[in-house]
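Hi everyone, thanks for coming. Please have the sequence and the model open while I talk.

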Amino acid sequence: MYGDQVERYLSLLKEYNEHTNIYSKKAYDKLDFHVKDSCVLAGLIGNKSCRVLDIGSGSGFPSVIIAICNPKNKVRAVESKSRKTRFLEQVKIDLCLDNFEVVQANIVEYGRCDVPKADVITAKAFASLERVKHVSKPLRKARHCIWIPIHYDQFDEIEDTKTCRIEKDGFYYLKREG
């Protein structure tokens with residue numbers, strides 16, 4: 001159904017999840033949705049040379065899929081929970097994702113470090129757009145883009161004039177450029 005690397009990622013997720021909870025087993029029927037959503041987001045970002053920062057990466061949606069689909073992107077996944085970063089490190093090694101970096105850190109603390117600034121910020125199920133804008137401020141370039149996957153019920157809630165609401169292939173996103 002998907003490419004070999006995406007199929008291997010899903011297999012690794014389920015294998016790892018057997019001994020360490022990183023994704024709800026009750027939500028396995030949602031994996032297809034999350035993969036497709038992440039693939040659409042990867043397409044919107046584009047396979048170009050840029051730094052992508054995924055805040056609260058969890059089990060790897062959308063960061064792993066972006067790294068697979070866009071090998072020219074340098075994707076940095078920041079996650080505070082060690083059980084999840086151990087899994088993401090395993091994925092990086094197993095899939096030979098040279099463009100994928102895993103950082104275990106609280107995003108606020110990480111923002112106080114001297115790290116490369118991101119061109120693109122993503123955050124799936126992390127927090128509101130306002131919170132993402134706030135915590136990512138020290139981590140993004142002056143000309144940046146924030147992409148937030150959202151549920152269609154949230155589509156009309158945002159009235160920020162700098163934020164575009166985008167629907168693509170049945171998926172909904174907020175895009176804010178700085």
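Predicted model: local features only at pLDDT ≥ 70, side-chain atom pairs only at ≥ 80, totals over all residues.

Residues are numbered from 1 along each chain as its sequence is written, and side-chain values use heavy atoms, with hydrogens and water left out.

So, helix H1. Helices (H or I, at least four residues) and strands (E, at least two) are DSSP runs, numbered from the N terminus. H1 has 14 residues and reaches 20 Å from its first C-alpha to its last, close to the 20 Å expected at 1.5 Å a residue; that expected span is 1.5 Å times one less than the number of residues.

Which residues of H1 are buried? They are Val 6, Tyr 9, Leu 10, Leu 12, Leu 13, Tyr 16 and Asn 17. They cover an arc of only 160° around the axis, which puts them on the same side of H1; the arc is taken from the directions from the helix axis to the C-beta atoms. Buried here means under 20% relative accessible area, exposed over 50%, and partly exposed in between, with a 1.4 Å probe and protein chains only. These buried residues pack against helix H2 (31-45), helix H3 (63-69) and helix H4 (82-94).

Have a look at Asn 17, in H1 (residues 4-17). Asn 17 has a relative accessible area of 3%. Leaving aside residues up to four places away in sequence, Asn 17 touches Ile 22, Tyr 23, Lys 25 and Tyr 28, with contact meaning heavy atoms within 4.5 Å.

Now the rings. The structure holds seven aromatic pairs. Rings of Phe, Tyr and Trp (its six-membered ring) pair if their centres lie within 6.5 Å; planes under 30 degrees apart count as stacked, over 60 as edge-to-face and the rest as tilted. Tyr 16 and Phe 87 make a tilted pair, 5.2 Å centre to centre with 50° between the planes. Tyr 16 sits in helix H1 and Phe 87 in helix H4, so this pair ties together parts 71 residues apart in sequence. Both Tyr 16 and Phe 87 are buried.

Ring pairs also link Tyr 9, Tyr 16, Tyr 23, Tyr 28, Phe 61 and Phe 87 into a cluster.
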